[in-house]
Amino acid sequence: MKKIKELFNLKGKNALVTGSSRGIGKGIALGLAEYGANVMVHHYDSKRDHAEQTLNEINAFGVKSGLVFADLTDRHAADLIYNASRDIFKGIDILVLNASIQVRDPWDQITYNDFRRQTDINIGSTIWLIQKFVPYMKRNNWGRVITIGSVQQHRPHPEMLVYSATKMAMINMVRSLSPSFGKSGITINNIAPGVILTNRNKQALSNDQYAKHVLNKIPVGYFGESNDCAGLAILLSSDAGRYITGSDLLVDGGMNVSQ
Ligand SMILES: NC(=O)c1ccc[n+]([C@@H]2O[C@H](COP(=O)([O-])OP(=O)(O)OC[C@H]3O[C@@H](n4cnc5c(N)ncnc54)[C@H](OP(=O)(O)O)[C@@H]3O)[C@@H](O)[C@H]2O)c1
């Protein structure tokens with residue numbers, strides 16, 4: 001029997017993390033690289049030097065890396081990312097579906113365009129990327145798929161109706177796919193972050209009064225950091241996590257159960 005430490009070793013595995021030049025995606029990409037995985041970084045409109053900086057940090061772990069640019073609201077992005085990854089890696093073993101769009105609007109002011117952008121990337125690209133990358137995992141009899149949801153699955157923000165609905169869709173997809181993936185050695189799970197400090201919420205949380213209001217809803221009493229999600233992603237990506245599938249795992253300091 002392997003030692004538990006060895007079970008966490010990701011050496012030789014190839015990972016793709018969408019939206020990984022910053023925020024939670026970057027934290028997960030670096031975490032996987034630190035544990036030995038080769039990592040393909042995907043980015044969209046963040047400055048190219050941010051993406052290159054992430055690549056340098058990944059390379060410092062002595063693993064292989066690659067970079068692909070794609071707009072995930074585009075129906076053909078999955079093909080583009082797949083082709084770019086095939087230029088570098090034989091296949092992808094670990095697929096982390098992290099990128100998303102969040103639009104804040106009262107329910108009666110949601111536009112068709114904002115609805116489409118959020119559903120195209122948050123739900124659509126999740127399906128197209130899974131369709132593209134899972135067949136290789138099936139052939140290999142080993143694979144990991146991780147979707148990124150949100151505490152909003154459980155505590156929807158009243159001004160993020162579409163966003164929170166798309167995040168709830170993640171766990172439904174995970175539950176739908178895990179039974180058919182299981183026999184092929186593929187696990188699929190959802191990580192649901194609470195309030196993790198990234199560019200997404202930097203501006204809102206710079207308002208002390210608002211930050212205090214949000215902190216009151218977090219039992220541990222502090223905001224999370226990207227590494228809080230990376231630790232769980234490493235577990236789920238590794239053989240140490242092989243018996244976890246079809247799950248919705250919250251990384252939220254207890255926010256989902258607070259009053
Ligand atoms: N931060 C939180 O408190 C929190 C809480 C709950 C859930 N989450 C979820 O965690 C994930 C990461 O959040 P984050 O806070 O790290 O987000 P973030 O800092 O806002 O980063 C969003 C990521 O999505 C990518 N992206 C945006 N539009 C895209 C498009 N059209 N095509 C392709 N990629 C696109 C961005 O790529 P570029 O950088 O290249 O633009 C970026 O990497 C998201 O799924 C989010 O919903 C976050």
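Reply: Let's start with what "meeting" is going to mean here: two residues are in contact if their C-beta atoms, placed from the backbone, lie within 7 Å. Also keep in mind that this is a predicted model.

First, some context. The chain has 9 helices and 7 strands. Its C-alpha atoms fill a box of roughly 50 × 40 × 40 Å along the principal axes. For 259 residues, a compact globule would have a radius of gyration near 18 Å, and the chain's value of 18 Å agrees with that.

Now zoom in on helix 5, which covers residues 112-140. Take its contact with helix 6, residues 161-182, to begin with. The two axes come within 10 Å and cross at roughly 15°. Angles under 35 degrees count as roughly parallel, so helix 5 and helix 6 are roughly parallel to each other. The crossing is a right-handed one.

Which residues in helix 5 and helix 6 meet? On the helix 5 side, they are Asp114, Phe115, Gln118, Thr119, Asn122, Ile123 and Thr126. Facing them from helix 6 are Val162, Tyr163, Thr166, Ala169 and Met173. Sorted by class, this contact has 6 nonpolar, 5 polar and 1 charged residues.

Next, look at helix 4, residues 77-88. Its axis and that of helix 5 come within 9 Å and cross at roughly 40°. That angle makes helix 4 oblique to helix 5. Here, too, helix 4 passes helix 5 in a right-handed crossing.

To find this contact on your screen, pick out Ala77, Ala78, Asp79, Ile81 and Tyr82 in helix 4. They meet Ser125, Trp128, Leu129, Lys132 and Phe133 in helix 5. By class, you get 7 nonpolar, 1 polar and 2 charged residues in the contact of helix 4 with helix 5.

Polar residues number 5 in the contact with helix 6 and 1 in the contact with helix 4.

If you want one more stop, go to the ligand. Of the 28 residues around it, Gly19, Gly23, Ser46, Ser100 and Thr198 come nearest. The elements giving two or more residues to that shell are helix 2 (23-34) and helix 7 (199-205). Its make-up is 10 nonpolar, 14 polar and 4 charged residues.

Technical notes:
Residues numbered from 1 in each chain as written. Predicted model: local features only at pLDDT ≥ 70, side-chain atom pairs only at ≥ 80, totals over all residues. Axes fitted to C-alpha atoms, helices over the stretch in contact; angles between N-to-C directions. Helix = DSSP H or I, 4+ residues; strand = E, 2+ residues; numbered from the N terminus. Parallel < 35°, antiparallel > 145°, perpendicular 65-115°, else oblique. Left-handed = near helix turned anticlockwise from the far one by under 90°. Nonpolar A, V, L, I, M, F, W, Y, C, P; charged D, E, K, R; others polar. Near = placed C-beta within 6 Å. Rg over C-alpha atoms; globule rule 2.2 N^0.38 Å.
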